[in-house]
Structures are given as C-alpha cells and as structure tokens.
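This report covers a metal site and a set of strands. The structure is shown below.

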Amino acid sequence: MNHTGSIQLFLDTCHLIHAKGLVSGSGGNISLRCDDGILITPSGRSLESLKEEDLVLLQMDGSCTCPNGGIPSKEWRMHLACYHARPDVSALVHVHSSNAVAVSCMKDADSSCAIPVYTPGYSMRVGELPLLPYMTPGSVELCDHVFPLIAERNSVLLANHGPLAVGRSMEEALNIIEEIEDEAKLFLLLGDRGIAMTKAQQNALPSHGLRF
Ligand SMILES: [Zn+2]
C-alpha cells in the first residue's frame, strides 16, 4: 500500500471512529503502516475533523514530518513499540471508549482476563484480554509493558485508560476494538449475572484470537 492510497483510508477510519462514539474530544489515536513510514494522528486534535495535511508521517526511529507542523500523538512511542514487536501488522487503533474504560477501572479486575468471554465473536477476535496496570500514557514504561503482550496477541486493555488493538488492516484492528467495547458493555450490563463461555466452548471455535 502506498502513502497516497493510505491517506483516504486513514481519514475515513478517523471519522468513523468518532462517528461510532469510540472517542470524544481529542482522545484516541490510530496509525497505519505505509510505504513511506507510519501515518499517525496528531496530538491534541479531534479525530472528527482531521484532514490530509494534519496527518503526521512517523519513521521507525521516531523522527516525523507533518505538512502543517503538527506533532504526533503523545502515545507515538506505544505505536512504534507495537510495530517493532509485530512486523506482520499494518494498523493500530487505540481509543478511550466508555465501556472498555469503565471495565479497566474496576476494583478487583482480573489482570489475565479483564472481560469475561461471553460470545463466540469475542472469543475468536479477542479471547482472554490482559489488563496492564496504570502507567503514564506515552511513557517508556508503558511501551516496555505493551511490547511483550502485543508480540503475542492482538489486543490489550490499559487500566484507567482504554483498549489498544493491532491488525493486518485498519478494518481488522477496528473490528477488535469494537468487539472489546461491546463485550465490556455486556459485562457492565450483566454484572455478576453473566455466564461466560467455558474453555471447551471457546476451544471448539475455529480460532481463538491471540494472533491471526
Ligand atoms: Zn490513550
């Protein structure tokens, strides 16, 4: 995929994520690997109104360029860590969506499986979602903890912060984020009345979504 062809897909995804209510204000950030580097959303801007000239082109060494002088999302290090960990993925979506963030703030959360696995779609695309303890957004410490998890699976939940997902395409990464948001909503609706899928039920599915 070349740089020019990537831009419309990137902008369409930014606008879609905002329209779906997965972000508000200037929250959330996404990136897409292209021939010239990694397109990433700028710092301090709403995804709703981004235009081509606002996008930042980031290199794997952390250098960047932006036509209108913008700077990359403050979480750019986390994006780079994921692309270094996973040469096979092309897209990353990170949002601060209400239901997933609410679950990430729960007392007595299960750090190895933050959201019970209730549905087959979630089992196949997400599975047992790890919850990382709170670390400062954009910090090297957070990158160092995200790296080994994303090396092994496609998604992680950051405590008091939100979910992150990678994919071979933008659509795939966004699908994972939507599965997490929907399953988190079910968890909040069900409280302690839910019945999660058993391991046997999950293992009987065609795949159970750690990597692809
Ligand atoms: Zn964030």
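## Zinc site

Four donors count as tetrahedral if all angles lie between 85 and 135 degrees. In this predicted model, the angles among the four donor atoms of the zinc ion are 95 to 124 degrees, so the site is tetrahedral. The ideal value for four tetrahedral donors is 109.5 degrees.

The donors are E75 through OE and H94, H96 and H161 through NE2, at 2.0 to 2.2 Å from the zinc ion. Their spacing in sequence is E-x18-H-x1-H-x64-H. E75 is in the loop between β4 (64-65) and α2 (76-85), and H96 is in the loop between β5 (91-94) and α3 (98-104), so this pair ties together parts 21 residues apart in sequence. E75 is buried, at 2% relative accessible area, whereas H96 is partly exposed, at 32%.

## Strands around β7

Strand β7 spans residues 155-158. S155 and L157 point one way from it, V156 and L158 the other way, and all are buried. β7 pairs with strand β6 (residues 131-132) in the parallel sense over two bridges, and L131 stands opposite L157. From β6 the chain passes through helix α5 (residues 140-152) to β7 in a right-handed β-α-β crossover.

With strand β8 (residues 162-167), β7 pairs in the antiparallel sense over four bridges; the bridge partner of L158 there is G162. β7 and β8 form a hairpin with three residues between them. N160 in the turn has a positive phi of about 55 degrees.

## Annotated domain

An unreviewed UniProt entry lists residues 8-188 as "domain: Class II aldolase/adducin N-terminal". This span is 37% helix and 17% strand, and its end C-alpha atoms lie 35 Å apart.

Note on methods:
Residues numbered from 1 in each chain as written. Predicted model: local features only at pLDDT ≥ 70, side-chain atom pairs only at ≥ 80, totals over all residues. Heavy atoms only, no water. UniProt positions renumbered as here; feature names shortened; annotations may be inferred. Donors = N, O, S within 2.8 Å, 3.2 Å for Na, K, Ca; no water. Tetrahedral: all angles 85-135°; square planar, octahedral: opposite > 155°, others 65-115°. Buried < 20%, exposed > 50% of the residue type's maximum accessible area, 1.4 Å probe, protein only. Pairing = 2+ DSSP bridges. Right-handed = clockwise from strand over helix to strand, strands pointing away.
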